[in-house]
Amino acid sequence: MDEHTSTLFLLETHGRKYFVDNILILILTSFAVEHGAWLLALKSIFADSSEQEDINMVLKRVVSLTSKLRGEAKTDAADCETGFRIYISLLSSTVRMPSDGWKSMESLYNLIRAMLEVNEVIRFLLIDLSSRYSPGSLMDEFNDLVCLSLYWIVYGVTSCSSQCNALPKNGYYALIALFDQPQLDRSEGSDKLKLCRCDRNHMDFSVSTTLRDKILLLLISGLDISSNEILFLRDTYIESNTSVQQDYEIVWVPILSGQWTTSSEEKCATLLQMMLWYMVEHPNFISEKTKNFIRQVWKFKRRPIVVVIDEDGDVVYPNVIHMIYIWGSKAFPFTPLRERTLWDSAETRLDSLVFDFDPNITRMLEDEKWVILYGGNDFEWSRKFTTQVRKVLSDACILVEMIYVGENIKLDPQTYSLDLRKVCYFWTRLESILISRYQSFSARDSGTDPILGEVKKLLSYKSAETWACLRTPSSDSMVHGLGDVMLHGFMKFEMRERDVQTKESTHSCD
């Protein structure tokens, strides 16, 4: 939206809930959080030496205040200083100097000062004068002035935000600052973040040359990441490399808990052999400050996450791993908009997402076969179910494939059994669908979302003793339920087929 439309939208949206002074507090505070400290950091870059110390003191107060608001005790001065340097580097390194050498920034700062001054006048009119005069007297004369001033302050906020967002970006230098433990006075060309190829032991790649103009996926995990998770990401990575339109790279960021030991080194070496992408130079080079940032801001706990950073160095999605599990390379360029677009596509149906996790199953459906997934650990039920279903469908001249989805792969030798890696992927993909639906749709929509209900029911089968799920080639839906319910359904199907055959036979005799 343009500035005028954005201003009216903000005023209309907030005007339904808040008074004028509260609207200003909300909007100006949001602007300060989004751009305020960052603008101070930029100002420190081109400030005179006489101003530098004052700006640094203000920024330190911002860091200290933020820590207090989060409830973090700051007892170590050196620790606070390190956090301050990382913070400033992250802020100031996200943009590069505009072609006019920061001259345009001066008008921006002047506009911000004017906004704050007008804001003080509005507060005087609304609070100080209203306490002296009764409503309907002198204050009525200022209503138009207050409304006009409110409009121009919010217009100024949208204009400043647009200018801040339009500044030329510095690519991944924020990323370098995060992993390099940078100093404010570091010399040009020093302390460069280096990467190594996971499948080769080279350490001579720099971020600026290797990843230029590429979307970056940060794979963040502990050393306990499973081989199944790595192999799935590798398959997607290989598939994406065949498309010239999907230009992205993966960088593994291993978050180590505890000390680096011989066992850690061996485990890391084993994982690297399965990876085809890049890795931050060494796990030991990732500081505790950076680990805390990753845990607090990107919400990394134990399960792997994939953070998406665009060509400008901006984080566009703090965790996209669920999208990759659902759509693989189709999820490119890994944005929330792409996720919503995929869900809105007519081709995206739940029955397809549930059954197309294995190419063999896709081929079975293409060959006009019925496909039945079933699971559980009840051997007697499994034998009874497979025997009954094969007989019923054979009598009806229907081709069927029965696929066991569970850990006891020797349960039924006559059934096509998935290997444990595919079984793990099946359940993980269902969990990813659940996460994606919650994140892509509002709470209001999710309450009536039919897909969410279906997925929750399918996930409940993971701990069930018996269950089954059917999809036919000619249907856009699937039928699923607990084992006895599905077995009873096939028995009713058999009775109905017999009735049909009996009626046809009687009709032909007549």
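**Fold and contacts**

Me: This is a predicted model. Among contacts between residues at least 6 apart in sequence, what share joins residues at least 24 apart?
Reply: The count takes in contacts between residues at least 6 apart in sequence. Those joining residues at least 24 apart make up 70%.

Me: How many helices and strands does the protein have, and what share of its residues is buried?
Reply: The protein has 20 helices and 12 strands. It holds 510 residues. The buried share of these is 45%.

Me: What part of the accessible surface belongs to carbon and sulfur atoms?
Reply: The accessible surface of the protein comes to about 27,800 Å². Carbon and sulfur atoms hold 53%.

**Backbone**

Me: Is Phe334 buried or exposed?
Reply: Phe334 is found in the loop between α12 and α13. Its phi is near 65°, a positive value in a residue other than glycine. The cut-off for buried is under 20% relative accessible area. At 1% relative accessibility, Phe334 counts as buried.

Me: Is Lys299 buried or exposed?
Reply: Lys299 is found in the loop between α11 (288-297) and β6 (305-309). Its phi is near 60°, a positive value in a residue other than glycine. Exposed means over 50% relative accessible area. With 59% relative accessibility, Lys299 is therefore exposed.

**Helix α19**

Me: Why do the buried residues of α19 lie on the same side?
Reply: In helix α19 (residues 450-460), the residues Ile451, Leu452, Val455, Leu458 and Leu459 are buried. They lie on the same side of α19 because the arc they cover around the axis is only 130°. An α-helix has 3.6 residues a turn, so residues three or four places apart point the same way. The arc asked about is 130°.

**Aromatic rings**

Me: What geometry does the pair of Tyr237 and Tyr248 have?
Reply: The structure holds 24 aromatic pairs. In this one, the ring centres are 6.2 Å apart and the planes stand at 75°, so the pair is edge-to-face. Tyr237 is in helix α9 (residues 227-241) and Tyr248 is in strand β4 (residues 248-254), 11 residues apart. Tyr237 and Tyr248 are both buried, and the geometry is edge-to-face.

Me: How many residues apart in sequence are the parts that Phe426 and Trp467 tie together?
Reply: Phe426 and Trp467 form a stacked pair, 6.3 Å centre to centre with 10° between the planes. Both are buried. Phe426 lies in helix α17 (residues 420-440) and Trp467 in strand β11 (residues 466-471), so the parts tied together are separated in sequence by 41 residues.

Me: Which cluster do ring pairs link Phe426 and Trp467 into?
Reply: Both rings belong to one cluster linked by ring pairs. Its members are Phe232, Tyr325, Phe357, Tyr425, Phe426, Trp427, Tyr461 and Trp467.

Me: Which rings have the charged ends of Arg197 and Arg437 over them?
Reply: The charged end of Arg197 sits 4.9 Å from a ring centre, over Tyr278. The charged end of Arg437 sits 4.5 Å from the centre of the ring of Trp343. The rings are those of Tyr278 and Trp343.

Me: How far apart in space are His4 and Ser159, C-alpha to C-alpha?
Reply: His4 lies in helix α1 (residues 3-15). In sequence, His4 and Ser159 are 155 residues apart. Their C-alpha to C-alpha distance is 9.3 Å.

Me: Which side chain does His4 join through a polar contact of 2.7 Å?
Reply: His4 is partly exposed, with a relative accessible area of 37%. Beyond residues up to four places away in sequence, His4 touches Tyr151 and Tyr155. The side chain joined by the 2.7 Å polar contact is that of Tyr151.

How values were computed. Residues numbered from 1 in each chain as written. Predicted model: local features only at pLDDT ≥ 70, side-chain atom pairs only at ≥ 80, totals over all residues. Heavy atoms only, no water. Helix = DSSP H or I, 4+ residues; strand = E, 2+ residues; numbered from the N terminus. Buried < 20%, exposed > 50% of the residue type's maximum accessible area, 1.4 Å probe, protein only. Arc of directions from axis to C-beta. Contact = heavy atoms within 4.5 Å. Areas by Shrake-Rupley, 256 points an atom, 1.4 Å probe, with all protein chains shown as cover. Phe/Tyr/Trp six-rings, centres within 6.5 Å; stacked < 30°, edge-to-face > 60°. Lys NZ or Arg CZ within 6 Å of the ring centre and 35° of its normal. Polar contact = N/O pair within 3.5 Å; in protein donor to acceptor, adjacent residues only side chain to side chain.
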